[in-house]
Amino acid sequence: MIFWQLFYVFLRIGLFSFGGGLAMIALIQNEVVEKHGWLTAQEFTDVVATSQITPGPVGINTATYTGYTAVVNAGYAEWLGIVGALLASLSVILLPLLVMMIVWHFLVKHKDNPIIASIMSVIRLAVVGLIAAAALLMMTPETFGTYSNSPIQLFISIGIFLATFIAAFKFKVSPILLILLSGAVGGVLYTLL
């Protein structure tokens, strides 16, 4: 049954996702698109985009929308999609919450230990890798377009990506402003196509 599978998949994702929501995206995409086929690549791209513009943590929002969409795509009623959304959301935070309560207690006692400091620096590096993997996974034909199908869409997408990257990296523009500006520019340019 899809509900048990959702619970198990998101429980595992929650337990093994260090670095927050953006780091979870690669794992979620692998499970729900590649392994189980609950969502298409296009649906997953839409889920991630919606998750990033709605309030709340990206990982939990992605789990919520994925749980709903997976259940509805499996042929169940929409109200059961809400059950799937709640189940995915709760299961993705259940084990991390328990682990963090235990880890917090341990870290408070041993925060000055050099071994703990070394472990935390390695975890930071792993988080950077997971976030980079999530970014690379989102660079798909569904997101950027292809040269053979729509070269203009591809060039617009790359232009918006590069402008956003430069604005964030060099000029430290607010991510919220970048999301709004990218959406407005993309909306205008894609409408003109």
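Colleague: To begin, is Lys172 buried or exposed?

Modeller: Please keep in mind that this is a predicted model. Lys172 is exposed, and its relative accessible area is 63%.

Colleague: Where does Lys172 lie?

Modeller: Lys172 is in the loop that runs between helix 8 (151-169) and helix 9 (175-192). Its phi is positive, about 55 degrees, although Lys172 is not a glycine.

Colleague: Let us change topic. How many salt bridges does the structure hold?

Modeller: The structure holds 2 salt bridges. In one of them, the side chains of Arg12 and Glu31 meet at 2.4 Å, N to O. Arg12 belongs to helix 1 (residues 2-16) and Glu31 to helix 2 (residues 21-35), so this pair ties together parts 19 residues apart in sequence.

Colleague: And which residue forms a salt bridge with Glu31 besides that one?

Modeller: That residue is Lys35, and the closest N and O atoms of Glu31 and Lys35 are 3.4 Å apart. Through shared partners, the salt bridges join Arg12, Glu31 and Lys35 into one network.

Colleague: Is Glu31 buried or exposed?

Modeller: Glu31 counts as buried, because its relative accessibility is 6% and the cut-off for buried is under 20%.

Colleague: What about Arg12 and Lys35?

Modeller: Arg12 is partly exposed, with a relative accessible area of 26%. Lys35 is exposed, with a relative accessible area of 54%.

Notes. Residues are numbered from 1 along each chain as its sequence is written. This is a predicted model: local features need pLDDT of at least 70, side-chain atom pairs count only at pLDDT 80 or more; totals for chains, interfaces and linings use all residues. Side-chain values use heavy atoms; hydrogens and water are left out. Helices (H or I, at least four residues) and strands (E, at least two) are DSSP runs, numbered from the N terminus. Buried means under 20% relative accessible area, exposed over 50%, partly exposed in between (1.4 Å probe, protein chains only). A salt bridge is a side-chain nitrogen of Lys or Arg within 4 Å of a carboxyl oxygen of Asp or Glu.
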